Amino acid sequence: MIKQWLGSPLARRVGTTTALAVLLMVMTGPSGSTSQPTAGFVQSFSERSSFFGLFVTQRWLVWAALALIVSALIRVAKWLKSDYAEMVAIPGRLARSAQAPFQTKKPVRFGTYGVLMIVAILLPVFVTDGFWQQSLVEQVAIFVLLALGLNVVVGFAGLLDLGFVAFYAIGAYATAWVTGALPAAAPFGVHLDPFWAIPIAIAIAMASGVLLGIPTLRLRGDYLAIVTLGFGEIVTIFLNNEYGITGGSTGSHQVPHFTFHVGPIKYAWGLGPVPYYYLTLGFVVLFLIIFSRLEHSRVGRSWTAIREDEVAAESIGINPLKYKVMAFAIGAASAGFAGVMTAAQTNFLSPQTFLLSFSINILVLVIFGGMGSIIGVVCGALLVQVVSTWMDHYTPFGFQSQDLYMYLGAILVAMMIFRPAGLIPARRRKREIAMSEAGEGHMDEMLTGDTP
Amino acid sequence: MKFRLNKTVAAVSSSALLLMAVPAVGIASASGAATKPTFVIGYEGPLSGSNAQLGLNMVFGVQLAINNANATGKLPFRLTLAKYDDQGSNTYSPAQAQAAVANKKLVAIVGPAFSGATQAAEPYYSAANIATVSPSATAAALATGIKNNNFMRVVYGDDVQGAADANFLVKIHKANSVYVINDGTFYGAGLAQVVAIDAKAMHAKVTTNSLPQTCSPGYAPVSEYAAAATQIVAAAPKAIFYGGYYCDFGLLLGALSTAGYKGAIMSGDGSESSALIAGTSPASAANGVYLSAAGGGSGGNLTGKLAVAYQKLAHFPAKGALYATQSYDATNMIIAAMQKISVKGSLSTIRYNLKNQLHKTTYKGLTGVLKFQSDGNLVGAGKGQINFYQVKNGQIVQVGHN
Amino acid sequence: MASIFGFFVTHFGILRKEFWPLLVGGLSNGFIYAMVAIGYTMVYGVLRLINFAHSEIFMSGGFASFFLMRALIGSSAPGGVASVLLVIGGVLGGGLAGAFMAMVLERVAYRPLRRRHAPALAYLISAIGASYFMFNLAGKEFGRYNTSMAQPFVNHTIFTLFGAPVQMLSMIIALVGTVMLITLDRVVGSTKLGRSVRAVAQDAETASLMGVNIDRTIVIVFVLGGFMGGAAGFLYGLGFGINYTMGFTPALKAFTAAVLGGIGNLRGAAIGGLLLGVVESFSIAFVNGAYLDVVVFGLLIAVLLFRPTGILGERLGRSA
């Protein structure tokens, strides 16, 4: 009797729901320590917490209730004869029905872009809080830039790059170098304005992308991930240790702000975040235009071909290595550019900014938004970064900023299980995943061996 | 451009905007005394990460001072504490400083705690004329490099500590060769440099080496101190001095013990923590190690009722909580200066006046009489201010002072 | 030219002087790398997948055995039979925790993807997410600092090998490592259980037609690799203490070892681990400690570029 019940779908659901509620409770609960390893877990049951000032109650009650509601909703949906796959597809269907007018009518489309642009431009007027203005630049705009860059590598070309942060670091340190903020002497002894660092940093980042790419991009995809990870670590170790060149773990504090001086027009950026917001916004729009042109160009189509079936692509005359290296270099260039912006805006560099976890953070933005979908990646970056900054700042229900990566890790797993194509999937990607799951074609060259 | 805009996009962006617009709902505290204005004293230091213990020691000292001041009922304002967790890292401190500057009620900062973090954060504080009174940032160079005179500290700098440490190793401990290691941080490198120069001046043979910090936030502590330990043992110095923080120092001690090093080992205030012993593997490798810290040679500790109140707040004893007393003093000194100025004007005027008032204030604290020089250092030469400790059977025991 | 010559004279001098101590230290680390590398190699052999979260299985073993040791060891240092039992207990405790976490990992992060025949990129991303989730959760629950493990024995020098002191801990690591590696080799090589593992590794489809339960076999692979990794976490923790990020660096090195020996090849992983430990240790004579990781990564990249099949060649099915 009991054994029968244990094997029933109801028991399974109860088990999963309970496990999920307990997991959420422990994740959001208080921290423990090695001397009291169970403290965090035990207090997760007993601790009372304020939920946005609405009510104060035990945390576990809220999670249990939430889990029950979700579980009940799924039941109701199933009862209404729409099966699970349909449920998952609902947001997608909504999305498709809403897309049609935007794709056909040009004036409407450009009108919408215009409205979004105006919102972005007016944002600092509404967001007057100093912290949020700062975060808009440091935590949102820069990350959108980085996510756009990584999207070219992961989304367009299908290469998992875990050392993306290295190019960001290279851009930032190149800026410090040409502005004379590093122990290493500036080139030609001239201390340039950060504006001049932009082309130099981009060139250096691209060159290192090409140098890393040519030997390693021949490797299988999973090896490539590890090798790029190693490259990122090597760059960090170098920055951390070469005192005479990079300033070591102390980094540099003297990167100057941007100044603009042409004829009678003179402008200097300073500690205030708003001018930096507009500068970064301008470049974000520029990169958006470039990347969406690229997606639909010959190069973009070649990437798609390689991603879907490398052997077939090669047989129709596409040189896979050439296009992969190109993706690497373009991604590196945008990361290098983001490095320039960060270095000049914070005036400050330290190797500890450029760790593997930073690459993972960017990867989360791309995966969450939707690999290969520009609009998805932008939305993903906006959402994840604003929420994480918000949580970090207001610490709702006892959130601790050091736990951020726990949530990011959970997002990665959950996305892969439930919505692998991302929040707003690229149509092409979605089709490829479906193809792969149906056993047709070879999405990414990784899928050569048969995975049982 | 072919963006496919849709409802999801709209939902995403609007919810993102909403989140930014929502202020700290539910975190707003109930305002008890409606008539008194409320001001915030900030604390910036490591409250998480590998070196959090030092920051926790301090933040409860600050909280205690604020609680006591509010409890007297005599203040013309209410004070609250805002915590800014920089994880002790110069990477996170600029963002925390910006958040503190943006706080519309914040008048002064206790901290930043770590020297490297201080150096990175000060441009923001000095631009906003916010006084920062550090209980523990001891790097000598801090007092010279910062504009606007907003940096002050209630401990003596590492020039005092380093000289005392060199004297301890070379003169008292009779070590004629000293291997000086720094962790590459602003604090560690500065302290190690003072020790190296002073030990050399006392005619000891000095070898210097830099082993960059590995315990910084998010970085994996690694076992590679084995390499350094092998090289140190090959050099056979009579004494080792380590300028750095306890997390890495513990790893180095483990490696030195495995490599069979037998001489004296010493480190500064960054390593003076019970967490050093807990983090050293095997724990016995920490035994016999000397430590130094600014402590006020004549009993500058939280005692009696204060110690009880501290433990109630912190859930760990005040005894042995390095820099708790200094934080308590620093906070009280800010409160004392606050009472001398008008609290009616705009925030920027209050910040500016408070900073200037602090330079004029003389305050008799638990660690001694505190008065700042124009560069932010304490007046006086710091004789008797540096305590020496030794780890004996897993406990840190005081063995003397300079 | 003269300076390069001088560099080699000095550094080979150190290598000659310190040869035996470095060899002992390197082998001791090498056994740990070998034990962790087994986990990578087995999962790869069967699933063609790099188990990126294996580092966290190692960490789980470290933490579990840490709590076990603390519960069992009082204030006085144990000795004699008690020490032996404690070491066996620690290996079992760490190993079982590792095996359990590996099972959970397979169930939560991989199986749903397998059911869907997800592309390989999805596995890797899921694994990275699981790894970040696990070590940060451990940091949250157990604190983010180093803690030393209660020692089940007194770590003294037991004999000298050509002047190099060999400590108790190194001996225990070598002993436990050898016993476990040989046992695993036998289990996979000549039991019924091992035969199903090899069958799935060679050809999953055919094996399934022959009546091998693929799901069960995959769980077995994760459990065996997890046990080795968890036990290695215990041994590593004895020497270096434990910490929520302790898995990252050793596991990357172990992955390098697995590639070095030929990924998917059990004996290759063992040989690769030992070799890597020794190479790493010898490079102490030549480079600054912080650059040891660079040496290892450099080796990894070189192997992948010039001999991607490693020393013994790939494939779990054929040569184990």
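**Criteria and values**

In chain B, 18 residues of domain 1 are in contact with 21 residues of domain 2. This is a predicted model, in which local features need pLDDT of at least 70 and side-chain atom pairs count only at pLDDT 80 or more, while totals for chains, interfaces and linings use all residues. Residues are numbered from 1 along each chain as its sequence is written, and chains are lettered from A and ligands numbered from 1 in the order in which they are written.

Q: What makes two residues of domain 1 and domain 2 of chain B count as being in contact?
A: Two residues are in contact if their C-beta atoms, placed from the backbone, lie within 7 Å. On domain 1 of chain B, 18 residues are in contact with domain 2 of chain B. Helix H4 (115-127) and helix H2 (52-72) of chain B each supply at least two residues of that side, helices being DSSP runs (H or I, at least four residues) numbered from the N terminus. H4(B) gives the most, with three residues.

Q: How many residues of each class has the side of domain 1 of chain B that touches domain 2 of chain B?
A: That side has eleven polar, seven nonpolar and no charged residues. Asp, Glu, Lys and Arg count as charged, Ala, Val, Leu, Ile, Met, Phe, Trp, Tyr, Cys and Pro as nonpolar, and the others, Gly among them, as polar.

Q: Where do the bounds of the two domains of chain B lie?
A: Domain 1 is 38-155 + 299-371 and domain 2 is 159-294 + 386-401; such bounds come from an automatic or database domain assignment. The centres of these domains of chain B, taken over C-alpha atoms, are separated by 28 Å.

Q: Why is Thr28(A) called buried?
A: A residue is buried if 20 or more other C-beta atoms lie within 10 Å of its own, exposed if 12 or fewer, and partly exposed in between. Thr28(A) has 22 C-beta neighbours inside 10 Å and therefore counts as buried. Thr28(A) belongs to helix H2 (residues 9-28) of chain A. Leaving aside neighbours within four places in sequence, Thr28(A) is in contact with Arg59(A), Phe397(A) and Gly398(A).

Q: Which stretches of chain B have pLDDT below 50?
A: The pLDDT, the predictor's confidence in each residue from 0 to 100, is below 50 over residues 1-5 of chain B and over residues 20-33 of chain B. Where pLDDT is low, the predicted coordinates should not be read in detail.
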